[in-house]
Amino acid sequence: MIDYFLKTAIKGPHGPGAQGGPGERGGMRGSGPMGPGSQHGPVKIVIANAAGDTVATHYGPGDAGVNRFAWNLRYQEPVPYRGAPPPRRGGGGGFFFGGGGPEVAPGSYKVTVTAGDQTQTQTVEVAKDPSATVAPGAFAEQVAYGLQARDMMSSLNETLNHIDSIDHQISGFAEDVRPAEGQDPNPKYKDLVSAGRSLHMALEKLKNELYNTKVQRAAPEDDIHFLADLHDEVQGLLRGGSIGYGQPPTPQAKERMAQVRQELSGKLADFDQILKTQVKNYNHMAEKVGTPQLIAGEPLTLPAHKSADRRHPP
């Protein structure tokens, strides 16, 4: 738990007191890591490890008095896919539904709380479970594996977000220039609309290779009727990295990680090729006829992965 005291309420995006509900103890306002105050509260909470690397950034309530934020002891969650359906009813937004990153290792962490123009930092200790026997370096290996899976999920989701954005722009333009019933298409836009149709088909093909849109993900067990897609594979790696406390990945898990990473790298390269060819061609044609060009973003790559150093376990 992270507690902080505010003399006066701080107005955030939704006004004072909007980000937390009454806590169990009188006079406290609370916010859980996956609750309404985790993303848009007026108080910024940054957690860093002993090396100074940011572990997670959250936002807590800004009510007058004592406020409480419950850190879930996990790294930042992956970048979300905006086109994903809401979590299954009763499933919440927790780790097993893509709501969190890998667990942190025992050790010292710095918590920096910023409220308005005031900032305070304090060191907290994440204690090791005294009943668990953990091999030296095991936590470091587990965290490194989980962060690699987290970053892969972020890259995949960002690619899906880019695909949906481009597709939305294409369909929006095609709808704007669609001729009224009984009228002939404007020959000025004929080639551009055709290029957009071809680009849409290429994007749709790639998207279906990354994320099976036929699965009703909000429906329990509907995914058993389909083969696992790449999104499911990466999500499985992310979940698997935190199943056992202080358990490093097995050789089989590392091998599977390498296979999935290679496959994902290939798909990101395919998306990069679409940007360099079909999107570039579409924008060139759009410029010629004086219509808005596609905002496609930059090519995406997987972050370089650093293996855990067993000589310096956390």
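Author: A definition comes first: an angle over 145 degrees between two axes counts as roughly antiparallel, and one under 35 degrees as roughly parallel. The model discussed here is predicted.

Reader: What is the order of helices and strands along the sequence?

Author: The chain holds five helices and eight strands. Read along the sequence, these elements follow the pattern β-β-β-α-β-β-β-β-β-α-α-α-α.

Reader: Are helix 3 and helix 5 roughly parallel or roughly antiparallel to each other?

Author: Helix 3 covers residues 190-210 and helix 5 covers residues 251-289, and their axes lie 10 Å apart. The packing angle is about 165 degrees, and the cut-off for this class is over 145. Helix 3 and helix 5 are therefore roughly antiparallel.

Reader: What is the handedness of the crossing of helix 3 with helix 5, and how many nonpolar residues does the contact have?

Author: Helix 3 passes helix 5 in a left-handed crossing. Residues of helix 3 including L199, L203, L206 and L210 meet residues of helix 5 including L264, K267, F271 and V279. By class, this contact of helix 3 with helix 5 has four charged residues, three polar and, for the class asked about, 15 nonpolar.

Reader: How are helix 2 and helix 3 oriented to each other?

Author: Their axes are 10 Å apart and the angle between them is about 155 degrees. The crossing of helix 2 and helix 3 is left-handed. With the cut-off at over 145, helix 2 and helix 3 are therefore roughly antiparallel.

Reader: Which residues make the contact of helix 2 with helix 3, and how many of them are nonpolar?

Author: Helix 2 contributes residues including L156, L160, I163 and I166, and helix 3 contributes residues including L192, L199, L203 and L210. Three residues of this contact of helix 2 with helix 3 are polar and three are charged, and the nonpolar ones number twelve.

Reader: Is K267 buried or exposed?

Author: K267 lies in helix 5. Beyond its neighbours within four places in sequence, K267 is in contact with L206, E209, L210 and L230. Its relative accessible area is 17%, and the cut-off is under 20%, so K267 is buried.

Reader: How far apart are N281 and G196 in space, C-alpha to C-alpha?

Author: N281 lies in helix 5 and, at 40% relative accessibility, counts as partly exposed. N281 and G196 are 85 residues apart in sequence, and their C-alpha to C-alpha distance is 9.9 Å.

Reader: For the chain as a whole, what percentage of the residues is buried?

Author: Among contacts with a separation of 6 or more, residues 24 or more positions apart account for 70%. Of the 314 residues in the chain, the buried ones make up 41%.

Note on methods:
Residues numbered from 1 in each chain as written. Predicted model: local features only at pLDDT ≥ 70, side-chain atom pairs only at ≥ 80, totals over all residues. Heavy atoms only, no water. Axes fitted to C-alpha atoms, helices over the stretch in contact; angles between N-to-C directions. Helix = DSSP H or I, 4+ residues; strand = E, 2+ residues; numbered from the N terminus. Parallel < 35°, antiparallel > 145°, perpendicular 65-115°, else oblique. Left-handed = near helix turned anticlockwise from the far one by under 90°. Contact = heavy atoms within 4.5 Å. Nonpolar A, V, L, I, M, F, W, Y, C, P; charged D, E, K, R; others polar. Buried < 20%, exposed > 50% of the residue type's maximum accessible area, 1.4 Å probe, protein only.
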